[in-house]
Amino acid sequence: MLSIDKSEKLHGVCYDIRGPVLEHANRLEEEGHRVLKLNIGNPAPFGFDAPDEIILDVIYNLRNAQGYCESHGLFAARKSIMQECQQLQVPGVEIDDIYLGNGVSELITMSMQALLNNGDEILVPSPDYPLWTAAVNLGGGNPVHYRCDEQAEWFPDIDDIKSKITDRTRGIVVINPNNPTGAVYSQELLEQIVELARQHNLIIFADEIYSKILYDDTEFVPMGRLAQDVVCVSFNGLSKSYRLAGFRSGWMIISGAKQRAKGFVEGINMLSSMRLCANVPSMFAIQTALGGYQSINELILPGGRLREQRDMAWQRITEIPGVSCVKPKGALYLFPKIDLDRHKIHNDQQMVLDFLIQERILLVEGTAFNWNEPDHFRIVFLPRADEIDDAITRFGEFLERYQQ
């Protein structure tokens, strides 16, 4: 009997953050074991609650959210995003340039489907947030990974980007603040990327979901502010800064040289209409979130919980012999490097699986982020200080005795 196989469009599509190691973790939980999940930036399980004001506004408006809304999203929510663009000095954004989605993830996939023909190329950072690579593959394109330089605080290597632009290149992905490295890019670096997009007629896809999670007085510069004469597609949402990951409420903004992207925008409109609309109840959270007190600020300033956990986790991870780490300036993650001369790691996925089995702690291997060497891993610093301290201590002890 013939087996039923998956679509060929899914070859090369992977998302190992929720891959086979997580499946093993889920089996352990089903058997009654407690697993500390440091694999994903999910604030709520670690006690990071959204502001009550946002939740109450959603509850109050539930009766008004029973039907479909306009495919772009609720007008009031998009108006508040437009006003934030004005505050961020991103010019020329109008209501119809804003699309609400079921999280940024849906909108990333939608943007790739609307743009790519088979064989088209998109420049994607390495390491990356792997959904970008998967979405390019799913759209029929080829992800071409450009190098981010760990020795330069994980900034993109401009010369490497230049060397990988071809006549099939359609766009470049910029993740800032960066997942998984925590890098926050300077205006000078962003302007160099804009210049490359200008010279080669590329669309810039700016993933800015961590734009409000910044440490050490670091400044975030929105790409849309700089990319005024090229097409810029920016992404943001409620999942991280407002601790509402489960609401799946994100948005996409098309700015810059919009007149050159009429066909692309037509494709976005078609795909937006095909899914009818995004989750309407969560749209009622957007205006309140953007217009109210920004509670993320008290978490990232000195004395704030995220700032303190970042500092402690970075200090503890760099105390492990043979492990180094660039201190993150933003986001929720560390991306440490293992000295392979000291620790003979040949398969980083096997390493994190073995650590899970032995210690009931779930990490993500660096190769899951399209990094070529088995010498990195990502760890979330969302747990409280004592819990993350214990997890890092146990990883250090594991690493010292571990042999492949």
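**Starting from a buried valine**

Modeller: Val380 counts as buried, at 0% relative accessibility (buried is under 20% relative accessible area, exposed over 50% and partly exposed in between, with a 1.4 Å probe and protein chains only). Before we go on, please keep in mind that this is a predicted model, where local features need pLDDT of at least 70 and side-chain atom pairs count only at pLDDT 80 or more, while totals for chains, interfaces and linings use all residues. Residues are numbered from 1 along each chain as its sequence is written, and side-chain values use heavy atoms, with hydrogens and water left out.

You will find Val380 in strand β15, residues 377–380 (strands, E, at least two residues, and helices, H or I, at least four, are DSSP runs numbered from the N terminus). Setting aside residues up to four places away in sequence, Val380 touches Leu38, Asn39, Ile40 and Gly41, along with Leu332, Tyr333 and Ile388 (contact means heavy atoms within 4.5 Å). For a sense of distance, take Ser186, which is 194 residues from Val380 along the chain: their C-alpha atoms are separated by 24 Å.

Now let us visit a sheet. Eight strands make an open sheet with mixed pairing, in the order β2-β9-β8-β7-β6-β3-β4-β5 (two strands pair if DSSP finds at least two bridges between them). At its edges stand β2 and β5 (155–156), each with a single partner strand, so one side of each has no neighbour in the sheet. Further in, β6 (residues 169–175) runs parallel to β7, and five bridges join the two.

Asp207 is buried yet has no salt bridge (a side-chain nitrogen of Lys or Arg within 4 Å of a carboxyl oxygen of Asp or Glu). Its nearest side chain of opposite charge is Lys240, 9.5 Å away (Lys and Arg count as positive, Asp and Glu as negative; His and the chain ends are not counted). Beyond its neighbours within four places in sequence, Asp207 is in contact with several residues, including Ile108, Tyr129, Trp132, Asn176 and Phe235.

What about charges that do meet? Side chains of opposite charge can pair when their charged atoms come close. The structure holds 26 salt bridges. One of them joins Asp96 to Arg78, with the closest N and O atoms 3.6 Å apart. Asp96 lies in the loop between α3 and β2 (98–102) and Arg78 in helix α3, so this pair ties together parts that are 18 residues apart in sequence. Asp96 is exposed, at 53% relative accessible area, whereas Arg78 is buried, at 4%.

Asp149 and Arg147 meet in a salt bridge at 3.7 Å, N to O; Asp149 counts as buried at 19%, and Arg147 as partly exposed at 38%. Asp160 forms a salt bridge with Lys164, the closest N and O atoms being 3.0 Å apart. Here Asp160 is buried at 15%, while Lys164 is partly exposed at 25%. Finally, salt bridges that share partners link Asp216, Arg307, Arg310, Asp311, Lys327 and Lys329 into one network.
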